[in-house]
Amino acid sequence: MRPEILNPLFAALTDLKGVGAQLAKPLARLGLERVVDVLFHLPTGLVQRHPVDRLDDAQPGQQIIVTLTAQDYRSGRSPRAPFGVDAFDASGDHVRLVYFGRTSGLAKKLFPLGEPRQVSGRLDTYGEMRQIVHPDHVSEPDSDAAIATSEAVYPLTEGLTNARLTQLVEIALERRPELAEWIDGPLLTSRNWPTWREALTRAHASPHDAAAHDRLAYDEIFASQVALMLIREGLRKRKGRAVAGDGRLIDALRLPFGLTGAQELVGREIAADMGRETPMLRMLQGDVGSGKTLVALRAMLAAVEAGTQAALLAPTEILARQHFATLQAMLAGLPVNIAILTGRDKGRVRESTLMGLADGSIDILVGTHAIFQDAVTYRDLALVVVDEQHRFGVAQRLMLTQKAARPPHLLVMTATPIPRTLQLANHGEMDVSRIDEMPPGRTPVDTRVVSVDRLDEVVGGLERHLETGAQAYWVCPLVAESEMSELAAAEGRAALLRERLGADRVGLVHGRMKGPDKDDVMARFQAGEIGVLVATTVIEVGVDVPAASLMIVEHADRFGLAQLHQLRGRVGRGAAKSVCLLLRSQNLSETARERLALMRETNDGFVIAEKDLELRGGGELLGLKQSGDADYGLASAEQLVRLLPVAHDDARLFVERDGGMDGARGEAVRHCLYLFERDAAVPLLRSG
Ligand code: ADP
Ligand code: MG
């Protein structure tokens, strides 16, 4: 239960006076739905206004405050033309106040002729004439609402003005309760950080108040670290079961190749974990194509050798089916019973699978999260493997381990290379194994960056590529984060390619397609019946088609580097030399340019991930936002890197020295956890 003292902050914004459905919409677009969201919506800019008596005292381009008297209105010829108010300062100098978009009514109301008004805005020149376009504040002189000389500027969206948001921030600030300090005293002093309440006041007053912003970012990071540590403690306290295979199945696996050194090494780490009673909580990181599946299979076989069951969880139907097919082929001839269960399996087939799981005749189950639904019971589940973990959140990971009588060992596999700092930030409750070596015989993918104006040439190249009998992917851009427009882009591209290349050579898959339809297209692509697969990012994870040796990514600059790296990993899986074409927009920022250049220079996912973090310095972190994992709304990447080690140490002190949630700091830290909604850890610890 959330502490009552925080309730006013978690009220919906629409409960506030004057916030109706009209305003709720733009607010929601910014992710602002509750008072607390506004409280943590910090300004990113600051306008400094220069109060002047005469326009002559100001420079063009300056933000000014000046008293003006309107003398005349000027309507344009067409109703769409801008509306002007001719006004004069105290010395009689002229300036025109310009209003676009049929706002003459508003302008006339703000500037009754002959009456002085205090006005703020940016002074510009238009030809010989001075003008201010859309003054940002207009008030009666000597009114209470004097225009501030400095004003914080917030990230905004259409339909929401800075003034309106500022009012909401004021309400949110008023609702702040007094809370006991949760940061360790000496740390707070040494950093010279303000209290939580003061930090909010100061952070909202200025984006440049580093101490205030750091303090708030730290709070968020600290909350995450404490949560992860509590989860970890809770999980480690539980008693699982030691699983040791005798090697008879693993030795019977017939592979056309030997293990890489890295596969051997992580295999030993996993076997050692599974051999202990404390449930394994391990993340296996390895680039696309590094051979994680085989590592997982060997771990699952060890579980089967020990007379227990294993489950492999995939994030999508396509991947589940692909894993099932791969594993089935590798297990051919072995006395191992493997089955698949997804949301699509119904009726008799599903019943018999459920029965096999319950009576233990199924050894390995592959599926989507349907395999953890209530109806599914296992006779003796000892190992859960989760593939492409970045689609699952902490809560889901916890749910998985609740399925067995005794907590099973958990192995989470990801092809997203995670920089060490972020590892701690998001998966601090897990141990990590890295496969840092590729199987021999791979030729690195040749990556080229091409401007989108050369689309015609690219399509020509694609055509020649298809003529050699090879296949290709064409990934369409993420447009404005809307699934619909992303789909429209993919459909449009598929239509164009069909026209150029012939309808039956082009397939299309996207996230809104029904499962069987999607699988059908994928199957035809895998069988080589389709030459080029146009896709939204649904192909991002794990699909394996060795004959596809060309990857084209449109608007590559809109993807995160980690995501690009994943996409590129779809090719380079066969013997043929592979090419990845990154189509870039025409006008690229310096950072975007550097990021794409990096893709060209290296194929090493870990290098890319570290560098990406460095290049971003802020903003969204490596696509972690979409992951359903703890995301950071306040802390920038730069703050995360800088403050995380500190928060990590403090969280450890809290848990180990200060007695955790039951100790003296417990109540205060609890507030912090709830404020940042990292509270899932609290009940876990108590029931643990
Ligand atoms: P990941 O899941 O890590 O992206 P996979 O497990 O799908 O990679 O492996 C990619 C390909 O490499 C598969 O075709 C697999 O059979 C092959 N492979 C795995 N391990 C080795 C190895 N040690 N030597 C050669 N090929 C391997
Ligand atoms: Mg894989």
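The shell around ligand 1 holds four nonpolar, seven polar and four charged residues. This picture comes from a predicted model. The ligand has 15 residues around it. Gly-258, Gly-289, Lys-292, Thr-293 and Arg-442 come nearest.

At Gly-258, the backbone takes part: one of its polar atoms is 2.8 Å from a nitrogen atom of ligand 1. At Lys-292, the side chain takes part, with an N or O atom 2.7 Å from an oxygen atom of the ligand. Thr-293 also uses its side chain. A polar atom there lies 2.7 Å from an oxygen atom of ligand 1. On its own, ligand 1 has 570 Å² of accessible area, and the protein covers 77% of this.

The domain assignment divides the protein into three named stretches. Domain 1 covers residues 50-147, domain 2 covers 248-435 and domain 3 covers 446-602. The centres of domain 2 and domain 3, taken over C-alpha atoms, are separated by 29 Å. Domain 2 gives 15 residues to the contact, and domain 3 gives 17 residues.

Thr-443 sits in a loop. Leaving out residues up to four places away in sequence, Thr-443 touches Ala-575, Ala-576 and Lys-577. Gln-71 is another matter. Thr-443 and Gln-71 are 372 residues apart in sequence, and their C-alpha atoms are 75 Å apart in space.

Helix H18 spans residues 561-568 and includes Gln-566. His-565 also has its place in helix H18. Gln-566 counts as buried because its relative accessibility is 2%, and buried means under 20%. The side chain of Gln-566 has a polar atom 3.1 Å from the backbone oxygen of Ala-415.

His-565 has a relative accessible area of 6%, so this residue is buried too. What does His-565 touch, not counting residues up to four places away in sequence? The list is Asp-287, Pro-417, Met-599, Asn-603, Asp-604, Gly-605 and Ile-608. With Asp-287 there is also a polar contact, from side chain to side chain, at 2.5 Å. Ala-651 lies 86 residues from His-565 in sequence. In space, the two are 33 Å apart, C-alpha to C-alpha.

The protein as a whole can now be described. The chain has 688 residues, and buried residues make up 54% of them. Its secondary structure comes to 23 helices and 22 strands. The C-alpha trace spans about 95 × 70 × 45 Å along its principal axes. The accessible surface comes to about 30,300 Å². Carbon and sulfur atoms account for 49% of that surface. Contacts between residues at least 6 apart in sequence were also sorted by separation. Of these, 73% join residues at least 24 apart.

Key:
Residues are numbered from 1 along each chain as its sequence is written. Chains are lettered from A and ligands numbered from 1 in the order in which they are written. This is a predicted model: local features need pLDDT of at least 70, side-chain atom pairs count only at pLDDT 80 or more; totals for chains, interfaces and linings use all residues. Side-chain values use heavy atoms; hydrogens and water are left out. A residue is near a molecule or strand if one of its heavy atoms lies within 4 Å of it. A polar contact is a pair of N or O atoms within 3.5 Å; within protein, one must be able to donate a hydrogen and the other to accept it, and residues adjacent in sequence count only if both atoms are side-chain atoms. Accessible areas come from the Shrake-Rupley method with a 1.4 Å probe; for residues, only the protein chains shown count as cover. Ala, Val, Leu, Ile, Met, Phe, Trp, Tyr, Cys and Pro count as nonpolar, Asp, Glu, Lys and Arg as charged, and the others, Gly among them, as polar. Helices (H or I, at least four residues) and strands (E, at least two) are DSSP runs, numbered from the N terminus. Contact means heavy atoms within 4.5 Å. Domain bounds come from an automatic or database domain assignment. Buried means under 20% relative accessible area, exposed over 50%, partly exposed in between (1.4 Å probe, protein chains only).
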